[in-house]
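Look at the chain below and follow its strands, its aromatic rings and its pockets in turn.

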Amino acid sequence: MTVLIFANGDLKEMTWIRPYLATATAVIAANGGSQHLWRLGHLPDLVIGDMDSLPQTVRSWLARSDVPFVSHVQEKDETDLELALLHAVAYYDEDILVFAAFGGRLDQTLANILLLAHPALVQRRIELLTANERAWLVTAETNIQGEIGDTVSLIPLRGDVLVRQTTGLFYALKDEVLAFGLARGVSNMMTSKLATLSVELGPLLCIHTQKRWQR
């Protein structure tokens, strides 16, 4: 079981999301993320944000079903996605999956990725998903499940990261440092259907890209 959060980024083809909706503990829309759920025909359990990017058709759809709103003023320090994530970790124990976190404005995309390192979120399993990729923060150990030939990129987010060991990756790392600002960890490749990674001095952003989507 997972908590799903819909941000207001790009989300074109959406059929791949339906299985996640079918088993979700809760579905939260971060402001304009409600539009994606409207297109999916799936009501959120909650809408949170400053409500500045809700078309009237979507707002009426939500109101007819009495979907709760947690409204914030536009002049605030947090983004709508940040507020949704903080709400999710405060009220739910399940892993959190975030959809439509990318696309559109570059500053929003970068901020959404860096939210994984938020002090209140860093100890929770939060994944940013697209149809072919998923990204999450590694602070200790993680497993990567996929197919042989899938791409795995490891990117330090805050200073250098000591990689204790990897398994199942073509470029093996053992007691090696991935330096912040260098691209050494990009485009590794899975050599088995299960890869493992353990780190110290994190955090490390792990991005898994499915081979069948690569070009």
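The model is a predicted one.

Begin with the sheet. Strands of a sheet pair through backbone hydrogen bonds, and the pairing can be parallel or antiparallel. Here 10 strands make an open sheet with mixed pairing, in the order β4-β3-β2-β1-β5-β6-β7-β14-β9-β12. At its edges are β4 (69–71) and β12 (188–189), each of which pairs on one side only. Within it, Val138 stands opposite Leu204 in β14.

Next come the aromatic rings. The count of aromatic pairs is 5. One of them joins Trp16 and Tyr20, whose ring centres lie 6.3 Å apart. Why is this pair called edge-to-face? The planes of the two rings stand at 85°, and an angle over 60 degrees counts as edge-to-face. The two residues fall into separate burial classes: Trp16 has a relative accessible area of 17% and is therefore buried, as buried means under 20%, while Tyr20, at 23%, counts as partly exposed.

Trp16 also pairs with Phe99, and this pair is tilted, with 5.6 Å from centre to centre and 55° between the planes. The pair links distant parts of the chain, since the two residues are 83 residues apart. Trp16 belongs to the loop between β1 (2–6) and α1 (18–22), and Phe99 belongs to strand β5 (residues 95–99). Both Trp16 and Phe99 are buried. Ring pairs link Phe6, Trp16, Tyr20 and Phe99 into a cluster.

Now turn to the pockets. The largest pocket holds about 430 Å³ of space. Its lining consists of 24 residues, and Asn8, Gly9, Asp80, Gln108 and Asn112 are the ones nearest its centre. Helices α4 (80–91) and α5 (106–114) each supply at least two residues of this lining. By class, the lining of the largest pocket has 5 nonpolar, 11 polar and 8 charged residues.

The second largest pocket holds about 360 Å³. Of the 20 residues that line the second largest pocket, Phe102, Thr130, Ala131, Asn132 and Glu133 lie nearest its centre. Two or more lining residues come from each of β6 (126–129), β7 and β14. Which strand gives the largest share of this lining? It is β7, with 3 residues. The lining of the second largest pocket divides into 13 nonpolar, 2 polar and 5 charged residues.

Key. Residues numbered from 1 in each chain as written. Predicted model: local features only at pLDDT ≥ 70, side-chain atom pairs only at ≥ 80, totals over all residues. Heavy atoms only, no water. Pairing = 2+ DSSP bridges. Helix = DSSP H or I, 4+ residues; strand = E, 2+ residues; numbered from the N terminus. Phe/Tyr/Trp six-rings, centres within 6.5 Å; stacked < 30°, edge-to-face > 60°. Buried < 20%, exposed > 50% of the residue type's maximum accessible area, 1.4 Å probe, protein only. 1 Å grid on protein atoms, 1.4 Å probe; cavity = no way out; pocket = protein on both sides within 12 Å on 5 of 7 lines; lining within 4 Å. Points joined across faces, edges and corners; volume = space filled by probe spheres on them. Nonpolar A, V, L, I, M, F, W, Y, C, P; charged D, E, K, R; others polar.
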